[in-house]
Amino acid sequence: MLNRFMEEAIRLSIENIRMGGGPFGAVIVHDNQIISTGVNAVIINNDPTAHAEIQAIRSACHKLKNINLSGCSIFTSCEPCPMCLGAIYWAHLDAIYYGNSRKDAHKIGFADEIIYAEFNRPVSQRSIPMIQIYSDEAKQAFLLWEELENKKRY
């Protein structure tokens, strides 16, 4: 059963190259049914966040009318990049099945390894400067959030 889901993610990745997109495809499965798919549309959409996993998550959340995808699994043609991995955790997916590794992606020119390495560096030594400013002013939003009684946690 799992084979057909991974095969679909891989098929999407190959088809997407032929359509002018990147070599990535993903499917989200719930109750042994594909509920959403996604392909890499970064170049097509001029959107650096349009990765296959993100596209599939957005579609699944829209279809299920829920930001929590517990009970679902994702099958993706490549190990998720840091952005996609973060989105998968935020969406509470139950499992990740992947084909190519992030090292495979690095070999063909994708920056996953570089970004993963940045996480291990102290903030002050990252390649893109991170400068905290206006922290007292920014905390106002957190104080308001903290006081809300009917907030939906995610």
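**View 1. N45 in helix 2.** At 44% relative accessibility, N45 counts as partly exposed, a class that lies between buried (under 20% relative accessible area) and exposed (over 50%), judged with a 1.4 Å probe and protein chains only. N45 sits in helix 2 (residues 42-45), where helices (H or I, at least four residues) and strands (E, at least two) are DSSP runs numbered from the N terminus. Leaving aside its neighbours within four places in sequence, N45 is in contact with A50 and Q55, contact meaning heavy atoms within 4.5 Å. L12 is 33 residues away from N45 in sequence, and their C-alpha atoms are 17 Å apart in space.

The model is predicted, so local features need pLDDT of at least 70 and side-chain atom pairs count only at pLDDT 80 or more, whereas totals for chains, interfaces and linings use all residues. Residues are numbered from 1 along each chain as its sequence is written, and side-chain values use heavy atoms, with hydrogens and water left out.

**View 2. Strand 3 and its partners.** Strand 3 (residues 72-78) is mostly covered, with seven of its seven residues buried. Strand 1 (residues 25-30) pairs with strand 3 in the antiparallel sense over five bridges, and T76 in strand 3 is the bridge partner of A26; pairing requires that DSSP finds at least two bridges between two strands. Strand 4 (residues 95-100) pairs with strand 3 in the parallel sense, also over five bridges, and here C78 has N100 in strand 4 as its bridge partner.

**View 3. Helix 4 between two strands.** Strand 3, helix 4 (residues 82-91) and strand 4 make a right-handed β-α-β unit, meaning that, with the strands pointing away from the viewer, the path from the first strand over the helix to the second runs clockwise. The buried residues in helix 4 are P82, C84, A87, I88 and A91, and their cover includes helix 3 (52-64), strand 3, strand 4 and helix 6. Just after helix 4, H92 takes a positive phi of about 65°.

View 4. P23 lies in the loop between helix 1 (2-18) and strand 1 and, at 26% relative accessibility, counts as partly exposed. Not counting residues up to four places away in sequence, P23 touches S13, I17, S77, I108 and F110. Of these, S77 is 54 residues from P23 along the chain, with a C-alpha separation of 8.2 Å.

**View 5. A network of salt bridges.** E79, R102, K103 and E113 are linked in a network of salt bridges, each defined by a side-chain nitrogen of Lys or Arg within 4 Å of a carboxyl oxygen of Asp or Glu. R102 forms a salt bridge with E79, the closest N and O atoms being 3.9 Å apart. This pair links distant parts of the chain, with R102 in helix 5 and E79 in the loop between strand 3 and helix 4, 23 residues apart. The side chains of K103 and E113 also meet in a salt bridge (3.6 Å, N to O), joining helix 5, which holds K103, to helix 6, which holds E113, across 10 residues. E79 counts as buried at 18% relative accessibility, as does E113 at 19%, while R102 is partly exposed at 24%.

View 6. The side chains of R11 and E8 meet in a salt bridge (2.8 Å, N to O). Because R11 and E8 are three residues apart in helix 1, about one helical turn separates them.
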